[in-house]
Amino acid sequence: MTLDQLFETLWKDYGQLNPSAVRVHDILTKKGETVLNDHVALRTYDDEKIGLEQMSKVFKKHGYVPKGEYIFVEKKLFALHFEHPDVAVPKIFISQLQTNKLSGNAQKIIKSLVAQVPDSQPGREDFCVSGRPWKVTHKEYTQLLEESEYAAWMSAFGFRVNHF
């Protein structure tokens, strides 16, 4: 998969969940505007199997390098941003939830979700846009939401773009 194909796949998946973003993009381009994406944001949990290192592999393969490190204490997040030598290509921002800072119950739910991820999935080139590989109950989602919007979002949407 080329980098252009990867971005096309990311945008197509994002557009299916956010059709208004596609409409706005189309309106602007029809008016002759050039739409440039500054960055693409991805989310994950901090488990070794699916964490930031796994999520970033495909981007590193395409020449991206880490440029910045961020800690969001209140949201319990650690993040890196990656840049490509071609400045016209969007930055990649990957954050991961520090699950050890959540309650034991939330950690248990997240571990059960991660356990459902097939071992072959994190190695795929389209891993960052592979969707939700697990089943989550409404009760589990609600319990995660009580502690962390991020944890709940991940449980519901899985591996895909959070925003462009």
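**Exercise 1. Classify the residues that line the largest pocket, then locate them.**

Step 1. Sort by class. The lining of the largest pocket holds nine nonpolar, two polar and two charged residues. Here Ala, Val, Leu, Ile, Met, Phe, Trp, Tyr, Cys and Pro count as nonpolar, Asp, Glu, Lys and Arg as charged, and the others, Gly among them, as polar.

Step 2. Note the source of the coordinates. The model is predicted: local features need pLDDT of at least 70, side-chain atom pairs count only at pLDDT 80 or more, and totals for chains, interfaces and linings use all residues. Residues are numbered from 1 along each chain as its sequence is written, and side-chain values use heavy atoms, with hydrogens and water left out.

Step 3. Find the centre. Of the 13 lining residues, F7, N37, A88, P90 and F164 lie nearest the centre of the largest pocket. A pocket is an open set of points on a 1 Å grid over the protein atoms alone, where a 1.4 Å probe fits, with protein on both sides within 12 Å along at least five of seven lines; lining residues have an atom within 4 Å of a point.

Step 4. The largest pocket has about 340 Å³ of space. A volume is the space filled by probe spheres set on the points, with grid points joined across faces, edges and corners. Helix α1 gives the most to this lining, five residues. Helices (H or I, at least four residues) and strands (E, at least two) are DSSP runs, numbered from the N terminus.

**Exercise 2. Describe the second largest pocket by volume, centre and class.**

Step 1. Its space is about 200 Å³. There are 15 lining residues, and R43, K75, L77, E149 and Y150 are the closest to the centre.

Step 2. Assign the lining to elements. β1, β4, α6 and β5 each supply at least two residues. The largest share, three residues, comes from β1.

Step 3. Split by class. The lining of the second largest pocket has five nonpolar, four polar and six charged residues.

**Exercise 3. Compare the packing of α1 with α2 and of α5 with α6.**

Step 1. Take α1 and α2 (residues 19-30). They pack at about 115°, with axes 5 Å apart. They are therefore roughly perpendicular (65 to 115 degrees; under 35 is roughly parallel, over 145 roughly antiparallel, the rest oblique).

Step 2. List the contact, meaning heavy atoms within 4.5 Å. W11, Y14, G15, Q16 and L17 in α1 meet P19, A21, V22 and H25 in α2. The classes are six nonpolar, three polar and no charged.

Step 3. The angle is about 150° and the axes are 6 Å apart. That makes α5 roughly antiparallel to α6. The α5-α6 contact has six nonpolar, one polar and two charged residues.

Conventions. Axes fitted to C-alpha atoms, helices over the stretch in contact; angles between N-to-C directions.
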